[in-house]
Amino acid sequence: MNFDFTHVLSRVRVEVSSDEFTDAELQGLKLTLNGFQLNGNAVLSSGTVTATGGATPLTPHTDTDGAVYSALVMPGQTIASRSGVVSIVLTDYPDRTFTGTLDTSLTFVPGKTNVIKLTLTKTRVILTATLEEWEDGDTGNVNID
(Lines give C-alpha, C1' and ligand atoms only; values in the text may rest on other atoms or scores of the structure.)
Protein backbone atom coordinates (compact mmCIF):
# COMPACT_ATOMS: atom_id res chain seq x y z
CA MET A 1 0.00 0.00 0.00
CA ASN A 2 1.35 3.42 -0.93
CA PHE A 3 0.60 6.64 0.93
CA ASP A 4 0.69 9.97 -0.89
CA PHE A 5 1.32 13.04 1.22
CA THR A 6 1.08 16.69 0.26
CA HIS A 7 2.12 19.79 2.15
CA VAL A 8 -0.84 21.77 3.47
CA LEU A 9 1.43 24.58 4.69
CA SER A 10 3.46 27.09 2.73
CA ARG A 11 7.15 27.81 3.06
CA VAL A 12 9.08 31.04 2.85
CA ARG A 13 12.81 31.02 2.10
CA VAL A 14 15.06 34.10 2.27
CA GLU A 15 18.41 33.94 0.48
CA VAL A 16 20.80 36.64 1.73
CA SER A 17 23.69 37.96 -0.34
CA SER A 18 25.87 41.06 -0.51
CA ASP A 19 28.69 42.33 -2.72
CA GLU A 20 29.44 45.18 -0.29
CA PHE A 21 29.44 43.48 3.13
CA THR A 22 32.02 40.80 3.93
CA ASP A 23 31.04 37.35 5.15
CA ALA A 24 32.39 38.35 8.59
CA GLU A 25 30.10 41.42 8.66
CA LEU A 26 27.09 39.26 7.69
CA GLN A 27 27.93 36.54 10.24
CA GLY A 28 25.43 36.46 13.07
CA LEU A 29 22.91 38.80 11.47
CA LYS A 30 19.42 38.66 12.91
CA LEU A 31 16.66 38.34 10.32
CA THR A 32 12.98 38.79 11.11
CA LEU A 33 10.01 38.22 8.81
CA ASN A 34 7.17 40.67 9.38
CA GLY A 35 3.42 40.60 8.78
CA PHE A 36 2.75 36.85 8.82
CA GLN A 37 -0.28 35.12 10.28
CA LEU A 38 1.17 32.18 12.19
CA ASN A 39 -2.01 30.64 13.59
CA GLY A 40 -4.68 28.76 11.72
CA ASN A 41 -6.87 25.73 11.33
CA ALA A 42 -6.11 22.64 9.28
CA VAL A 43 -8.65 20.02 8.22
CA LEU A 44 -6.43 17.09 7.31
CA SER A 45 -9.16 15.04 5.62
CA SER A 46 -9.72 17.76 3.01
CA GLY A 47 -6.30 19.47 3.09
CA THR A 48 -7.97 22.79 3.80
CA VAL A 49 -5.94 25.28 5.83
CA THR A 50 -7.14 28.69 6.95
CA ALA A 51 -4.91 31.36 8.48
CA THR A 52 -6.37 33.09 11.53
CA GLY A 53 -5.38 35.81 13.95
CA GLY A 54 -3.26 38.88 13.52
CA ALA A 55 0.10 39.32 11.89
CA THR A 56 3.20 38.84 13.99
CA PRO A 57 6.99 38.91 13.53
CA LEU A 58 8.66 35.56 12.83
CA THR A 59 12.26 34.46 13.36
CA PRO A 60 12.99 31.87 10.66
CA HIS A 61 15.36 28.89 10.89
CA THR A 62 18.80 29.53 9.40
CA ASP A 63 21.31 27.20 7.83
CA THR A 64 24.77 26.96 9.37
CA ASP A 65 26.37 29.79 7.39
CA GLY A 66 23.49 32.26 7.75
CA ALA A 67 22.90 32.72 4.01
CA VAL A 68 19.50 30.99 3.82
CA TYR A 69 16.57 31.40 6.21
CA SER A 70 13.31 29.44 6.04
CA ALA A 71 10.02 28.98 7.86
CA LEU A 72 6.70 27.22 7.44
CA VAL A 73 3.78 29.64 7.30
CA MET A 74 0.03 29.44 6.95
CA PRO A 75 -1.21 29.44 3.34
CA GLY A 76 -4.08 31.59 2.16
CA GLN A 77 -2.49 34.83 3.27
CA THR A 78 -1.05 37.68 1.26
CA ILE A 79 1.73 40.00 2.37
CA ALA A 80 0.92 43.38 0.83
CA SER A 81 3.35 45.16 -1.46
CA ARG A 82 5.28 48.03 0.06
CA SER A 83 5.18 46.41 3.51
CA GLY A 84 8.46 45.93 5.38
CA VAL A 85 8.46 42.14 5.03
CA VAL A 86 12.09 41.59 6.13
CA SER A 87 14.09 43.29 8.91
CA ILE A 88 17.81 42.73 9.50
CA VAL A 89 20.12 43.73 12.34
CA LEU A 90 23.85 43.27 11.72
CA THR A 91 26.18 42.40 14.58
CA ASP A 92 28.39 45.44 13.87
CA TYR A 93 25.35 47.78 13.83
CA PRO A 94 23.14 46.53 16.71
CA ASP A 95 21.18 49.80 16.98
CA ARG A 96 20.30 49.98 13.26
CA THR A 97 17.51 47.92 11.67
CA PHE A 98 17.59 47.52 7.90
CA THR A 99 14.13 46.92 6.40
CA GLY A 100 13.36 45.46 2.98
CA THR A 101 10.11 46.00 1.08
CA LEU A 102 8.79 44.29 -2.03
CA ASP A 103 7.34 45.94 -5.13
CA THR A 104 4.73 43.18 -5.40
CA SER A 105 2.44 41.26 -3.05
CA LEU A 106 3.35 37.76 -1.85
CA THR A 107 0.55 35.18 -1.81
CA PHE A 108 1.18 31.93 0.04
CA VAL A 109 -0.12 28.70 -1.50
CA PRO A 110 -0.13 25.22 0.11
CA GLY A 111 2.87 23.12 -0.90
CA LYS A 112 4.72 26.03 -2.51
CA THR A 113 7.76 28.06 -1.45
CA ASN A 114 7.95 31.83 -1.77
CA VAL A 115 11.63 32.63 -2.34
CA ILE A 116 12.79 36.10 -1.34
CA LYS A 117 16.23 37.04 -2.63
CA LEU A 118 17.65 39.70 -0.36
CA THR A 119 20.66 41.74 -1.50
CA LEU A 120 22.10 43.91 1.23
CA THR A 121 24.05 47.00 0.16
CA LYS A 122 25.54 49.71 2.32
CA THR A 123 22.76 52.10 1.32
CA ARG A 124 19.67 49.90 0.92
CA VAL A 125 18.07 46.45 0.94
CA ILE A 126 16.96 45.02 -2.43
CA LEU A 127 14.29 42.28 -2.46
CA THR A 128 12.91 40.15 -5.28
CA ALA A 129 10.51 37.22 -4.93
CA THR A 130 9.48 34.09 -6.83
CA LEU A 131 7.12 31.18 -6.18
CA GLU A 132 8.51 27.63 -6.47
CA GLU A 133 7.36 24.05 -5.99
CA TRP A 134 8.78 22.21 -2.99
CA GLU A 135 11.41 19.77 -4.10
CA ASP A 136 11.03 16.05 -3.46
CA GLY A 137 13.11 14.75 -0.59
CA ASP A 138 14.49 11.27 -0.03
CA THR A 139 12.19 8.44 -1.00
CA GLY A 140 11.62 5.10 0.63
CA ASN A 141 9.14 2.27 1.10
CA VAL A 142 6.95 1.54 4.09
CA ASN A 143 5.58 -1.92 4.76
CA ILE A 144 2.74 -2.41 7.21
CA ASP A 145 2.23 -6.01 8.23
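S10 sits in strand β1, which spans residues 10–17. Strands are DSSP runs of E with at least two residues, helices are runs of H or I with at least four, and both are numbered from the N terminus. This is a predicted model, in which local features need pLDDT of at least 70 and side-chain atom pairs count only at pLDDT 80 or more, while totals for chains, interfaces and linings use all residues. Residues are numbered from 1 along each chain as its sequence is written, and side-chain values use heavy atoms, with hydrogens and water left out.

**Strand β1**

S10 is buried, with 0% relative accessibility. Buried means under 20% relative accessible area, exposed means over 50%, and partly exposed lies in between (1.4 Å probe, protein chains only). A polar atom of the S10 side chain lies 2.7 Å from the backbone oxygen of V109. Leaving aside residues up to four places away in sequence, S10 touches A71, L72, V73, P75, F108, V109, P110, K112 and W134. Touching is contact, defined as heavy atoms within 4.5 Å.

R13 belongs to strand β1 too. R13 counts as buried at 17% relative accessibility. Its side chain makes a polar contact of 3.0 Å with the side chain of E15. A polar contact is a pair of N or O atoms within 3.5 Å; within protein, one must be able to donate a hydrogen and the other to accept it, and residues adjacent in sequence count only if both atoms are side-chain atoms. Beyond four places in sequence, R13 touches V68, Y69, S70, T113, N114, V115, I116 and E132.

**Core**

The largest nonpolar core holds 27 residues, and L31 and L118 have the most contacts inside it. At least two residues of this core come from each of β1, β2 (30–43), β5 (68–73), β7, β10 (112–120) and β11 (125–133). Such a core is a set of buried Ala, Val, Leu, Ile, Met, Phe, Trp, Tyr and Cys residues joined through side-chain atoms within 4.5 Å. In soluble globular proteins, nonpolar side chains tend to be buried together. With residues up to four places away in sequence not counted, L31 touches V14, V16, L58, T59, P60, Y69, V86, S87, I88 and L118.

**Loops**

L44 lies in the loop between β2 and β3 (48–58). L44 is exposed, at 71% relative accessible area. L44 and V8 are 36 residues apart in sequence, yet their C-alpha atoms are 8.2 Å apart in space.

R82 lies in the loop between β6 (78–79) and β7 (84–89). R82 is not a glycine, but its phi is positive, near 70°. Most residues other than glycine have a negative phi.

Relative accessible areas of the residues named above:

| Residue | Relative accessible area | State |
|---|---|---|
| S10 | 0% | buried |
| R13 | 17% | buried |
| L44 | 71% | exposed |
| R82 | 59% | exposed |

**Whole chain**

The chain has 1 helix and 11 strands. Its order along the sequence is β-α-β-β-β-β-β-β-β-β-β-β. The C-alpha atoms fill a box of roughly 60 × 30 × 20 Å along the principal axes. Of the 145 residues, 33% count as buried. Among contacts with a separation of 6 or more, 61% are between residues 24 or more positions apart.
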